[in-house]
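Dear colleague,

Please find the structure below, handed over for your study. My notes on it follow.

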Amino acid sequence: MATGRKFNFSAGPATLPESVLAELREAVWSVDGTGIGLLEHSHRAEWFMRVAADTEAAVRAAFGAGEDWSVTFMQGGASLHFNLLPLNFLPLDAVADYPDTDVWSAKAIREGRALHEAGLCGRVAVPFDGQTSDYDHAPAQTELRCSPQAAYFHYCSNNTVRGTRFATAPRVDAPLFCDVSSEALSRPIDLARHSLIYATAQKNLGAAGLVLVLARRELLARARRDLPSMLSYAAFEKAQSMPNTPHTTGIWLLGRMVRWVLTEGGVAEMERRAAHRAGLLYAEIDRSGGFYHGLSRPDCRSHMNVSFRLPSAELDSHFAREAAAQGMVTLEGHREVGGIRASIYNAFPLAGVQALASFMREFAKSNG
Ligand code: PMP
């Protein structure tokens with residue numbers, strides 16, 4: 001742990017790589033020797049145009065996205081896109097499938113339904129209801145009851161709250177849309193199977209507010225045309241992410257985050273490290289004889305968010321408090337679910353996970 005810093009297990013905004021933070025600190029004062037700070041450059045300046053182009057190139061390299069994909073930098077968090085997706089791609093007489101796998105997919109369903117009630121888009125169907133199993137897993141292929149001729153199928157590949165994930169992308173006939181917010185660039189995603197993926201940036205991609213959207217150009221060509229430009233994916237593509245002032249700092253930071261992944265060995269190396277880190281914590285859960293109860297079924301365990309409960313809510317709080325006293329902070333579970341959640345994204349240091357694993361062992365010994 002560098003001086004003055006704690007092990008921050010926050011689900012997002014979250015821990016960033018120390019080398020990127022050091023660059024950011026410099027850049028705020030004067031970036032790339034321009035004599036102008038990162039937050040002060042015009043988005044129309046040549047310097048920023050180059051940043052946007054470099055960031056796009058890095059994103060294409062890291063995700064393996066060719067020219068048939070558009071890369072856009074948008075805003076509003078992933079939550080705005082829970083609204084924009086049905087507005088753009090769900091015609092009034094159509095249906096879209098949304099498996100309900102946790103808090104964020106449930107929110108996407110609620111938002112789509114509200115728009116439908118308001119007469120603004122088609123219907124949202126739920127081909128899998130995870131609530132009936134307390135969201136302890138992502139559905140197997142055989143559990144999906146898909147709608148015939150759905151306009152699209154929307155899923156969340158990694159469920160940030162309970163800490164479950166899809167082992168592989170579902171196989172469906174409809175165009176596949178994925179919210180990859182909490183695991184972008186932590187394992188490969190098969191773009192060939194998808195039509196659109198999006199991620200809010202405050203986990204593996206940098207700063208809150210920015211949203212990275214990768215969409216097939218042929219999908220955008222079929223999108224609804226009569227939307228205001230700030231609500232239209234096609235308009236953002238046409239204006240190269242700048243129908244208005246973009247999140248300039250977030251785009252710069254996204255570029256640094258993606259380059260950091262590439263120089264550290266790429267997505268395959270991120271996947272290897274994540275499996276190792278998460279494995280250390282799941283091993284403590286499994287060896288605790290039930291003292292720690294994992295919220296995910298073992299076959300669906302997330303490598304980014306490790307969620308578990310202790311035998312009582314009092315012990316959960318005691319655990320989080322004691323850990324904080326030892327420099328391991330923000331371990332409280334999501335407010336809707338409680339318990340403990342350790343979010344360990346790409347930049348999370350192995351030493352912090354090792355410290356938490358040994359803390360878990362000691363805590364179980366003294367309180368079990
Ligand atoms: N989807 C997922 C998977 C998330 O984890 C989150 C945020 N934790 C969101 C969507 C919502 O993102 P935002 O708060 O940026 O709107």
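Which side chain meets that of Glu-67 in a salt bridge? The partner is Arg-217, at 3.2 Å from N to O; a salt bridge is a side-chain nitrogen of Lys or Arg within 4 Å of a carboxyl oxygen of Asp or Glu. This pair links distant parts of the chain, 150 residues apart.

Please note that this is a predicted model, in which local features need pLDDT of at least 70, side-chain atom pairs count only at pLDDT 80 or more, and totals for chains, interfaces and linings use all residues. Residues are numbered from 1 along each chain as its sequence is written, and side-chain values use heavy atoms, with hydrogens and water left out.

Glu-67 is exposed, with a relative accessible area of 56%, whereas Arg-217 is partly exposed at 30%. Here buried means under 20% relative accessible area, exposed over 50% and partly exposed in between (1.4 Å probe, protein chains only).

The structure holds 20 salt bridges in total. Another one joins Asp-134 and Arg-162 (3.6 Å, N to O). Asp-134 is partly exposed, with a relative accessible area of 45%, while Arg-162 counts as buried at 12%.

A further salt bridge is formed by Arg-273 and Glu-264, whose closest N and O atoms are 2.9 Å apart. Both residues are partly exposed: Arg-273 has 23% relative accessibility and Glu-264 has 30%.

Finally, Arg-216 is buried, with a relative accessible area of 15%.

Yours sincerely

Methods
Helices (H or I, at least four residues) and strands (E, at least two) are DSSP runs, numbered from the N terminus.
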